[in-house]
Structures are given as structure tokens and as C-alpha cells.
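Student: Could we go through this structure together, starting with the contacts between side chains?

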Amino acid sequence: QIQKKKTSLKNVYTIMSTNADKFLELTHAPFPANTLSDQQVYEHPLVKRYATKEMSFVWSPAMKFTTWRKLWTALATAEQELGIEITDEQLEEMRKKIYDIDFEFAEKKEREFRHDVMGHVHAFGEVAPKAMPIIHLGATSCYVGDNTDIVQIKEALLLIKRKLVQTINILRKFAVEYRDLPTLGFTHYQPAQLTTVGKRCTLWMQDLLLDLQKVDQEINELPMRGVKGTTGTQASFLELFDGDHEKVKALNKRVTELMGFKKAIPVSGQTYTRKIDYSVLSVLSGIAQSAYKMCGDIRLLSNLKEVEEPFSKTQIGSSAMAYKRNPMRSERVCSLARYVMSLPNAAANTHANQWFERTLDDSAIRRIYLPEGFLAVDVILNLLSNIADGLHVWPNVVKAHVMAELPFMSTEVILMECVKKGGDRQVLHEAIRVHSMDAGAVVKGEGKPNDLMERIAKDSLFAAVHADLDRLIDPKLFVGRAPEQVDEFISEEIDPVIEANKELLNIESVDDVNV
């Protein structure tokens, strides 16, 4: 019998060893050819998993290269108006073919010329052959490249503004609803003087309001690069207009107007100053900071079980711990925000390292941090709106936490009331000190509820307020002007902004929060 057991165990080990060997042989072999061929290219999670269709479109090839064609058409239109020999037929052909882009042909030409702009010049000329001789006349690559970047930045800022306004409006309702619900304030993440749930919300709103002001400033002040030439001197256009400086200035102004901008940057090298990118990304970083602070608070409040983000009926909080309700959306906001907050540093280095009129080491990184900054903040704002719209408060838990700490906070009020009724301030102060230390020892040492009020209720030194103790520890007596501050902040700061942007409230986003 023992021999049989030994043989059986040996067989088991042999089988296990054989299976392990087979597994190792399989996993260390090269990836099988023609397997999962449609899943072998890296997909950017920001685009594939998170980004909205609206913001993705702003930074899409369709938007980029049709804007190139619009810029070429605007340039030719302005040049014709100022006397350059360009026919109406050529302009008509350009207008008709703005959206007729053969990307395969453009890529073929780019490989041939090793130049993306010339690849698309020829792709445009292929479908607009009569206009081909005047496409890109007098311009440099940065005429279409930089000006398109500015157009995309402006469109992206307008989308961000809309979602900021909508998020603030949702939070407004939450702040009003909970304007006077007392809750523990925290400093150093230690219990402090009471505030209200609504007042805490106004802190989040104020940050977002400051961000909105910065977004508005960028939208209103964002300049086009305009028509500047290879090193910013407009020399090619001066040649085109036979030395007529006024016509060159008029061309710059007219193209800027045709593209929907109020102004062009006064001076430039080959590119617009990359300090503009830094400024824009700093605004996006500001939004990310505000979102991180708000969602960080919600994550801490979720741990306290006072406030929770929306949690769908079939949502799974943990693959192992089925009972969990993790604040996953708030965590995602913080994760994306952390990335956005890192981007201004890259933009600062890019600007600082632009030698003289331009170096090309700005190109590759700008293709990454400009779109990704906006894509991430757009997702963040979608998540903030979703979280704010379903934010759930548990008033009884909030009250329980308040009442666990309020006895200590109320002692000064009790002391004052007793003194008013003839008590000795110093004697009373010492009695409160002793009772507080003893009650604290019970809470921390024995894990029992705070019994300070029971101790005071039994002490004859405080007989003058025994009948009034419940009133003296009403949490609403300890929130100061928090409810009134909510009212004033909403009416004086928020409502005027909502009214000024009310048309944005009715625009529905294309995408919902799906993960």
C-alpha cells in the first residue's frame, strides 16, 4: 500500500512536471505568426478607452488637414483681394475640394518628398488642378502647421469651457441642497470646527470658477500666427507684393479675419512663440489640479462613508472583495489629472530650448502634449459632471461623526453660558479639562462613544445649563456663516456666470461615462 502511494505521487509529480515543461515551452516560444493580427498594434488608452468623440475630432486628421486647406484657401482669397492674379475659378475649385482628401495619395507624396506639408499641397492640387499653381503661394510650412494648431487649441478650449460651465452648474445644485447640513471640518485631516457639506462644495466650485476665468482669457486673447514667412520677417510676401508693406500688413490682417480670429501675434520667428503652448497647458493643469482636489476629498469622504460617488447597480468594486464600493471614477480623475499636471513642465522646456527663430525639436513633443492635454482634461470634466450629478450624501453618518467630536467643541459655549449665570470661569475651565481628558481616554483607550456630555450632565458645577445642554450642542450653532456664505457665493459669483453662459447648458455631450 505504501509502495502504491509512492508510485502514485511520483506519477503526479511527473504529470505536473510535464505540464509545467509544456507551459514553459509554449510561453517562451515566439509569438505565433498570423495570430491576433488585428490586435498587434499599440492602442493609446487615452484615445481608445477614455477620450470623447468631440475632443478626438478636434485633434483628428480630418480636422487638421481640412483646416490646412481652409488656410490655403483663405490665403489665396486674401491675396486675390489685394491684387494677386488668382481667378475666381481657382478659388471656387479650392472651396469645393476642402473636404475631398485622399490620405493615401498624401502619404505617398510625403514619403516621396520627405515633407508632410508638400505631400498635402500635392494632394490638394490633385483634386484642384486649376488651383495647384497658387496653393501655398508665399507661405512656409508653419503657415498651415502653426495656424492649424491655434485653430485646434481654440476649438478645444471652447469645448472645455462648455463642460466647465456644465460641471459648475451641477455642483451649484448640490451646494444649495446641502447648504446647511453640518459636517466636520478637517485641518491636517484632523477634526476641526464644523462647516457644512454645501460650503465644502463651494470650495470645489471656486477653484473651477477660477479655471473658467483662465479659459475665457485664453479664448479671448489667443492670437493666430498669421502670415509671417520663413523667419517671421514676411520677406516672401513683401516680394510677392513688389515691396508694398501696407499690402503685406493687410494680407496678415485679412487672413486672420477670414479664419475667425481677432488678431495675429504681433511678431514671430518661424513659429508662434511656444510660450503660448505653456500658457494653455498651464490652464489645463489648473483644471486638473481643481479636479484632483475635489476627487481627493470625495475619496476621503467615501472612506468615512459620508459621501459617495455614483455606483451602478451591476458595478463591481473589486474582483476579490465583493462587498467593496471603490470610488473608481474619482480615482480615474486623479490618475488623469496627475498626468496633465506634468505637461506644463515639458512645454516650458520646449519654449526655453527654441534657438533663435526656430528649432525643430519642438515638433514631435507638441504632437503629443497638446492633444493629450486636452483629451485628458475633457475626460476629467466628463467624469466630474457624472460624479457631481450622482453624488450621494449619507446625513446620518455625517451627523454621527459630528456628534462624536462636537462635545469637545461645545465646551467653550457651555463655559460661557455657566459664567453668565454666575459660575467661576477658572473652576469651570478646570472641570471641563478633567472631564475632556477622561472622555478622550474612554474614546481612545476603550473604543467607546464620547461621553463628555453625560459627565457634564452629572456634574453639579454645570447645573445652570443642564436643562439646556441639547440646545447648546445643536450642530447648526457651530457652522458659523457657512449657509449664508453658500447663498452669497451662489448669487454673487456663480449665478452671473451661469446666466452669461446659459446657452451652453443645453448642449448635450456626445459621450457618456462608460467605464
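Tutor: What follows is a discussion of a predicted model, taken topic by topic.

Student: How many salt bridges are there?

Tutor: The count comes to 31 salt bridges.

Student: Which residue does D487 meet in a salt bridge?

Tutor: D487 meets R179, with 2.8 Å from N to O. The pair links distant parts of the chain, 308 residues apart. D487 belongs to helix α19 (residues 482–500), and R179 to the loop between α8 (141–177) and β1 (182–187).

Student: What about D180, which residue forms a salt bridge with it?

Tutor: The partner of D180 is K476, and their closest N and O atoms are 3.9 Å apart.

Student: Where does K448 come in?

Tutor: K448 forms a salt bridge with E446, and the closest N and O atoms are 3.2 Å apart. K448 is partly exposed, at 47% relative accessible area.

Student: Changing topic to the strands: in what sense do β1 and β2 pair?

Tutor: The pairing of β1 with strand β2 (residues 190–196) is antiparallel and runs over five bridges. T187 stands opposite Q190 in β2.

Student: What is in the turn between them?

Tutor: The two strands form a hairpin with two residues between them. In that turn, H188 has a positive phi of about 60 degrees.

Student: Now the aromatics. How many pairs?

Tutor: There are seven aromatic pairs. One of them is F65 with W68, whose ring centres are 4.8 Å apart. Their planes stand at 80 degrees, so this pair is edge-to-face.

Student: Where do F65 and W68 sit?

Tutor: Both are in helix α4 (residues 61–81); because they are three residues apart, about one helical turn separates them. F65 is buried, with a relative accessible area of 13%. W68 is also buried, at 2%.

Student: Which charged residues lie over the face of a ring?

Tutor: Among them is K154, over the face of F261 at 4.5 Å from the ring centre. Another is R274, which lies over the face of Y272 at 4.7 Å from the ring centre.

Student: Lastly, what is the volume of the largest pocket, and how many residues line it?

Tutor: The largest pocket has a volume of about 800 Å³ and a lining of 31 residues. K64, D116, D149, S363 and R367 lie nearest its centre.

Student: Which elements give two or more residues to that lining?

Tutor: They are α4, α7 (116–127), α8 and α14 (363–389). The element that gives the most to the lining is α14, with eight residues.

Note on methods
Residues are numbered from 1 along each chain as its sequence is written. This is a predicted model: local features need pLDDT of at least 70, side-chain atom pairs count only at pLDDT 80 or more; totals for chains, interfaces and linings use all residues. Side-chain values use heavy atoms; hydrogens and water are left out. A salt bridge is a side-chain nitrogen of Lys or Arg within 4 Å of a carboxyl oxygen of Asp or Glu. Helices (H or I, at least four residues) and strands (E, at least two) are DSSP runs, numbered from the N terminus. Buried means under 20% relative accessible area, exposed over 50%, partly exposed in between (1.4 Å probe, protein chains only). Two strands pair if DSSP finds at least two bridges between them. Rings of Phe, Tyr and Trp (its six-membered ring) pair if their centres lie within 6.5 Å; planes under 30 degrees apart count as stacked, over 60 as edge-to-face and the rest as tilted. A charge sits over a ring if NZ of Lys or CZ of Arg is within 6 Å of the ring centre and within 35 degrees of the ring normal. On a 1 Å grid over the protein atoms alone, a cavity is a set of points where a 1.4 Å probe fits but cannot get out, and a pocket is an open set with protein on both sides within 12 Å along at least five of seven lines; lining residues have an atom within 4 Å of a point. Grid points are joined across faces, edges and corners, and a volume is the space filled by probe spheres set on the points.
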